[in-house]
Amino acid sequence: MTVPLLSLQGLTKAYPGVVANDTVTFDIGEGEVHALLGENGAGKSTLVKMIYGLVKPDSGQMLLRGQPYAPPEPRAARGDGIAMVFQHFSLFDALNVSENIALGMENPPPMKDLATRIREVSEAYGLPLDPYRTVGDLSAGERQRVEIIRCLLQDPKLLIMDEPTSVLTPQEVEILFQTLQKLRSEGTSILYISHKLEEIRTLCDHATILRLGKNVGECTPAETSARDMAELMVGSTLHTPERSGREFGAAAMDVSGLSVPSPSAFGTALKNVHLTVRKGEVLGIGGVAGNGQDELLNVLSGETVTEADAVKLNGEAIGQLGPVARRRLGVLAAPEERLGHAAAPDMSLTENAMLTGSVRQNLETNGFLNWGAAKEFAETVIKSFDVRTPGPENAARSLSGGNLQKFVIGREVLQDPDVLVVNQPTWGVDAAAAADIRQSLLDLAAKGAAVICISQDLDELMEISDSFAALNEGRLSAPRPAAGLTVDEIGLMLGGAHGMEVAHD
Amino acid sequence: MISLEKRPQPSRAWSLATPLVAVLATMVFGGLLFAMLGKPPIEAIRTIFWDPLFGEFAFYYRPQLLVKGAPLVLIAIGLSLGFKAGIWNIGAEGQYIIGAIVGAAVGLAFYPYEAWYIFPLMVISGALGGWAWAMIPAVLKVRFGTNEILVSLMLVYVAEQLLASASLRFLKNPEGFGFPGSRNLQDYPSAFNADLIAGSGMHWGVVAALIAVIFAYVLLNRHMLGFHIRLTGEAPRAARFAGVNPSRLILLCLGMSGALAGLAGLFEVSGPAGQISIDFNVGYGFTAIIVAFLGRLHPIGIMLAGGLMALTYIGGDIAQSNLGLPSAAIQVFQGMLLFFLLALDLLTNYRITLHKPEVA
């Protein structure tokens, strides 16, 4: 039997109150694409951080080609041929591609040579990238390419990829997969972290499934159904949101001819956006990050005011109204960025309940705040949405991402909106909680509210949307009924192979 | 190896304890400093912290504490509102001067006519003067995006020129034998901000400072505006999401701090100082910045910090005259206090962890 490239033996890592990894054992073979599957909080990140030298295991050992391997820091891991593409990019917007790559190198070569190398590597692997473009101008897919090429320049033996497709269009995913397959054919092993089962079935040779820090099973993805893998991951049968056939009412929110200049150098201008969402309807808006999602939410929530006529609620012009006035009329929103936008990190959940709840929950009289009522409202949200926290007096930043997301969504849903706009409602939330959040959006729609769900997760949008539209560079495609849309059609709506070629500028 | 680890949420215990620990550390290191200067350290510390309150001549120093502490607290309360929202009014000194000039000018305009309403009118105009001076950086920031730190700071020097002009020209005492300076308001009963109880140091400025403390406390803890101020400081995007209009907040915060600084100036010129003179301002507007931070931008904390700061001023003066400590040493001592406070402040949000170096 051949020696595996990397062998993990009984890796255990405990943090106060939680065992992140409990005697995890598995092997990654040479030239193998190995999937690491698991819900959020299953311990995937901790595990790869141990492999990459960011975290040291409490016990257990790793063998790299049969030799003991215990990287004290990422530099050592890179020295041993292990590279990692993180889910969140660490790039400087204001610098160009080669400058960004040079920053991450121990001994960067002269800029001209580096640019040539970048061009060579990017062409060899089918990831076209202009080394002189400013990163701030790149799409999410192109930014990811910068990260991948940064790794490939080290000539890695093992490439770790953390949820690489979460920001890509279907077409971009296709291109990424071709690159990964080429790498595999050259003998590079890939550890591929994801919870998207279909893509794992397409791409991976082998899969290890983690649940609550333990290795609960291994399988060959191509021979295992997505449902079986999901149930291994979740540990119980999956609950899919129910959709009842619904009648839609009159138009609730109506946006017409909306154009808003970009708020900052790296923002996106909205261009001639038209949309209508009816009472009882869920409008799903897809698109790759950075195509105007934040800007659209701000315009709908009232953070950005526009000409009065551009946004209408039940036929009345509300474009000039700010967030408070819109809340009073029943237009609520939950922005994507939980910490710092939807919630103030250092403030308590009670204070964060006050943040958007003051108007509709009667938490203030003549400007004076009723903290008792705010606390009750926070407690209601915590209880109804199963937010795991010791109590409403805890700071928002002390909650895990998923729990804070439940709080943020719950806070708006429980205020009984007429129109609810959410951006990335289940980003970073575990599968069970995500299903609950989607169900709550559907319940809201069933009660007659109009819901606009902006998301990059196409599976999510297909699951809950009645109509579907896509944002691409600040333009919104015409909404189409979601039923019957194929992945290819959606891909084309998202902008086709947008950003897939080297820009000619 | 020592490393810092971010706490999941700010430690309440540390946020209350840091000012006390900072004062203790200042005493220890200040004592060392005095010892190195060849002065008895314990006696020096006692002279600064104990004598003004409980020493032989405390009956004289205690009222001074109120006189010096009140303007500091009044100004610092106003500044803290802006600081909490991330709006940095550094020019309270200028607003203090303008408040004093405008208030005194209104009072002197009535001289020698006596009426009950003169002093209240002066109070209102003092506040308006400070407010107007603060509106300059506020409006420039809102309209043109200028930096309020620079503009408010530079306006201090403009105000100082106006002060010189007032004492040499337009408010000069016509019966002052050519000396610079206005008429002494202490000799004009309708305009005199006298001690409410003779010899107590308790003048209207002290009352105003107490009211400001209570007002700020209620505003920050119970009112939507205070909530919005805190929210803007903690998370500006969340504040916009909550419906805060940033421009309005800038105008309000700078306006309030300017008005309070103007009030402090008016109470000073009409009471303890008595007259507009070239060197009327003694840096309360700048010291109040320290007081605001020493008090953790919390109204009650600011009240205590104002008292402490006044104590080190008075105690420092005594130490200079009794022990011959150089005034620079006293300034270093006061600087240490802020230094230790800011350094220890880190412990509110971080904890220090010790771990053995791992074998690579």
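Biologist: What should I know about the conventions before we start?

Modeller: This is a predicted model, in which local features need pLDDT of at least 70 and side-chain atom pairs count only at pLDDT 80 or more, while totals for chains, interfaces and linings use all residues. Residues are numbered from 1 along each chain as its sequence is written, chains are lettered from A and ligands numbered from 1 in the order in which they are written, and side-chain values use heavy atoms, with hydrogens and water left out.

Biologist: How many salt bridges does the structure hold over all chains?

Modeller: Over all chains there are 23 salt bridges, each defined as a side-chain nitrogen of Lys or Arg within 4 Å of a carboxyl oxygen of Asp or Glu.

Biologist: Which residue pairs with Arg143(A)?

Modeller: Its partner is Asp93(A), with the closest N and O atoms 3.2 Å apart. Arg143(A) belongs to helix 5 (residues 140-152) of chain A and Asp93(A) to the loop between strand 6 (82-85) and helix 3 (97-103) of chain A, so the pair ties together parts that are 50 residues apart in sequence. Helices (H or I, at least four residues) and strands (E, at least two) are DSSP runs, numbered from the N terminus.

Biologist: Is Arg143(A) buried or exposed?

Modeller: Arg143(A) is buried, at a relative accessible area of 19%, whereas Asp93(A) is partly exposed at 27%. Buried means under 20% relative accessible area, exposed over 50%, and partly exposed in between (1.4 Å probe, protein chains only).

Biologist: Moving to chain B, which residue does Glu175(B) pair with?

Modeller: Glu175(B) forms a salt bridge with Arg183(B), the closest N and O atoms being 3.5 Å apart. Glu175(B) is exposed at 54% relative accessibility, while Arg183(B) is buried at 15%.

Biologist: Changing topic, how many disulfides are there over all chains?

Modeller: There are zero disulfides over all chains, a disulfide being a pair of cysteine sulfur atoms within 2.5 Å.

Biologist: Where is the cysteine sulfur closest to that of Cys204(A)?

Modeller: That sulfur is in Cys219(A), 9.7 Å away, which is too far for a bond. Cys204(A) is buried at 5% relative accessibility, and Cys219(A) is buried at 10%.
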